[in-house]
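Please open the model in your viewer and keep the selection panel at hand.

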Amino acid sequence: MIVIFGLSAFVSWRLRSKFNEYSQIGLSNGLSGAEVAQEMLRQNGIYDVRVMSVEGMLTDHYNPQDKTVNLSADVYYGRSVAAAAVAAHECGHAVQHKVAYGPLQFRSAMVPVLTVSSRYLQWVLLAGVLLLQSTPIPLAIGVGLFALTTLFSFVTLPVEFDASNRALAWIQTNGVVNQREYGYAKDALWWAAMTYVVAALGSLATLLYYASLLMGGRRSD
């Protein structure tokens with residue numbers, strides 16, 4: 001867990017460092033992140049998705065519920081390599097939605113269940129640990145719920161990598177970036193993807209920890 005925590009902190013720092021670095025490199029064609037997003041959506045025949053500006057840093061995301069590509073101000077208004085890469089990545093999710101990309105559909109189907117379970121998960125796990133010597137049932141339920149969270153984390157990985165691949169292919173094919181800028185964009189998106197990898201590994205490590213407590217408690221019985 002300490003290793004995972006340290007790795008997570010390093011990857012988060014590295015992502016912010018890369019984003020800040022590539023935010024200083026202007027895009028040769030002068031397009032803003034919003035313009036890149038709108039053009040990518042248009043060329044993919046997507047006309048029912050809005051591109052919006054949201055507050056915060058690295059808060060960019062695609063919302064399949066209201067069909068919006070939400071870009072942080074630095075990405076929406078920015079005319080940098082980082083802005084283009086992030087904007088295209090989020091539009092990659094919109095393309096996934098349009099073509100009914102399997103992992104994205106599966107992840108979206110899990111959201112309602114996880115929204116409900118997340119409200120009670122920490123309390124179920126706490127009760128399970130406290131009552132383990134009496135009964136393993138609460139902790140077993142908690143482990144089951146946490147397993148769903150871990151599954152969600154791992155299902156997210158192909159969704160994120162695929163969105164990045166779609167983004168990189170599009171910005172290169174359509175001349176949004178030159179060869180040098182393409183390398184920067186690929187590097188930025190790789191570090192963004194690593195945050196999801198570390199999160200999935202952290203979730204798995206936590207799941208194994210609680211599972212070991214459960215198995216240990218059952219053996220002691």
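**A tour by selection**

Begin by selecting Leu 151, which is found in helix H6; helices (H or I, at least four residues) and strands (E, at least two) are DSSP runs, numbered from the N terminus. The model is a predicted one, in which local features need pLDDT of at least 70 and side-chain atom pairs count only at pLDDT 80 or more, while totals for chains, interfaces and linings use all residues. Residues are numbered from 1 along each chain as its sequence is written, and side-chain values use heavy atoms, with hydrogens and water left out.

Leu 151 has a relative accessible area of 39% and is therefore partly exposed (buried means under 20%, exposed over 50%, partly exposed in between, with a 1.4 Å probe and protein chains only).

Next, turn to the largest pocket, whose volume is about 430 Å³. Of its 21 lining residues, Asp 60, His 89, Glu 90, Ala 192 and Tyr 196 are the closest to its centre. A pocket here is an open set of points on a 1 Å grid over the protein atoms alone, where a 1.4 Å probe fits, with protein on both sides within 12 Å along at least five of seven lines; lining residues have an atom within 4 Å of a point. Colour helix H7 (179-220), which gives the most to this lining, with five residues.

Finally, show the side chains of Asp 187 and Lys 18, which meet in a salt bridge (2.9 Å, N to O). This pair links distant parts of the chain, with Asp 187 in helix H7 and Lys 18 in helix H1, 169 residues apart. A salt bridge is a side-chain nitrogen of Lys or Arg within 4 Å of a carboxyl oxygen of Asp or Glu. Lys 18 counts as buried at 10% relative accessibility, whereas Asp 187, at 21%, counts as partly exposed.

For another salt bridge, select Asp 162 and Arg 166, whose side chains meet at 2.5 Å, N to O; because these residues are four apart in helix H6, about one helical turn separates them.

Key:
Points joined across faces, edges and corners; volume = space filled by probe spheres on them.
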